[in-house]
Amino acid sequence: NNPDEERGPLYWESGLDQAARFHSWEMATERFFSHETVDKFEDLFGSNSFFQRIRTYSDNNFGHVAARYAAGENIAARYNHPYDVVRAWLSSKSHCENIMNRFYRTSGSGFFSKSNSEFKRYFTQIFESFQKTHYPIIVGWHDRLGLLTNIAREMSTIRFFCQISSRKTVRDVSVVIDGVTYPMQHANDGNYYFDANEYILKNNCSKYYFILEGTEGKSYRLPQNDQYSFLTYDIGECNQNIWEDRHL
């Protein structure tokens, strides 16, 4: 394979999460399925195009990159689990091309569920070509250990993952769950994990974020914006994936 054609890592961006969450919400509440925003919200963005919605929410500064800026969006509905959504996208040529497009550098995703909407569950993922800076924490997430190992007795164990860029020299990586800090173990190739029993999760939707301590003494957080935390989506009754503190 030509390394120039390989897909590099995607970096999470909170603004794209907001754009994706808004679109999943509006599709559910306005009962439609399309990349375009409904006309009633057109004034929010200046037009109803998905491109303008993304540019409105994005943290990026487009002033000097407009000539090489690009964005894409995948949407899905009705699926029960995000894994099913991703599998469907990867099986679709156009959706897979968005995910594997080597020019996209940042991404955000959003989910909304409404029981009386047409498809009930709506998923959106957004991609942008422009990345302002390299961030050492590539991605972080959680899952039931039993789903990864196919061992039933491990279904009550929640594994938290964090992937660190190979460019970064790491002193310590931890996950903060409901305000309590837990050190993560290094597996391999920049991958870190922490296994938690469900009883340590204090809420139906436990908040968590990752902290990387670099050897140069600098700390990094994921989500980068400290107004956001991840939520333990699909654990217990949790059906959201991002917590925004200013909405308390």
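Let me begin with strand E2 and strand E4, residues 121-128, which run antiparallel and are joined by seven bridges. Two strands count as paired if DSSP finds at least two bridges between them. Within this pair, glycine 72 stands opposite phenylalanine 127 in E4.

Before going further, the source. This is a predicted model, in which local features need pLDDT of at least 70 and side-chain atom pairs count only at pLDDT 80 or more, while totals for chains, interfaces and linings use all residues. Residues are numbered from 1 along each chain as its sequence is written, and side-chain values use heavy atoms, with hydrogens and water left out.

Back to E2, residues 71-77. Is this strand mostly covered or mostly exposed? Mostly covered: seven of its seven residues are buried. Buried means under 20% relative accessible area, exposed means over 50%, and partly exposed is in between, with a 1.4 Å probe and protein chains only. In a regular strand the side chains alternate between the two faces of the sheet. In E2, Ala71, Glu73, Ile75 and Ala77 point one way, and Gly72, Asn74 and Ala76 point the other way.

Now the sheet. Four strands form an open sheet with mixed pairing, in the order E1-E3-E4-E2. Strand E1, residues 11-12, and E2 are the edge strands, each pairing on one side only. Strand E3, residues 106-113, pairs with E4 in the antiparallel sense over eight bridges. There, threonine 106 is opposite glutamate 128 in E4.

What packs on the sheet? Helix H4 does, touching E2 and E4, and its direction makes about 55 degrees with that of E4. Helix H3, residues 50-57, lies across E2 and E4 and runs at about 105 degrees to E2. Contact means heavy atoms within 4.5 Å. Axes are lines fitted to C-alpha atoms, for helices over the stretch in contact, and angles run from 0 to 180 degrees between N-to-C directions.

H4, residues 82-91, also packs with helix H5, residues 93-100, at an angle of about 105 degrees, their axes 5 Å apart. H4 and H5 are therefore roughly perpendicular; the class covers 65 to 115 degrees, with under 35 roughly parallel, over 145 roughly antiparallel and the rest oblique. On the H4 side the contact involves Trp89, Leu90 and Ser91, which meet Lys93, His95, Cys96, Ile99 and Met100 in H5.

Last, the cysteines. How many disulfides are there? The count is one, taking a disulfide as a pair of cysteine sulfur atoms within 2.5 Å. The partners are cysteine 205 and cysteine 238, with sulfur atoms 2.0 Å apart. They sit 33 residues apart, cysteine 205 in the loop between strands E10 and E11 and cysteine 238 in the loop between strands E13 and E14. The torsion about their S-S bond is about 105 degrees, so the disulfide is right-handed. Cysteine 205 is partly exposed, because its relative accessibility is 22%. Cysteine 238 is buried at 4%, and cysteine 162 is buried at 1%.

For the chain overall, there are six helices and 14 strands. Of its 248 residues, 46% count as buried.

Methods:
Helices (H or I, at least four residues) and strands (E, at least two) are DSSP runs, numbered from the N terminus.
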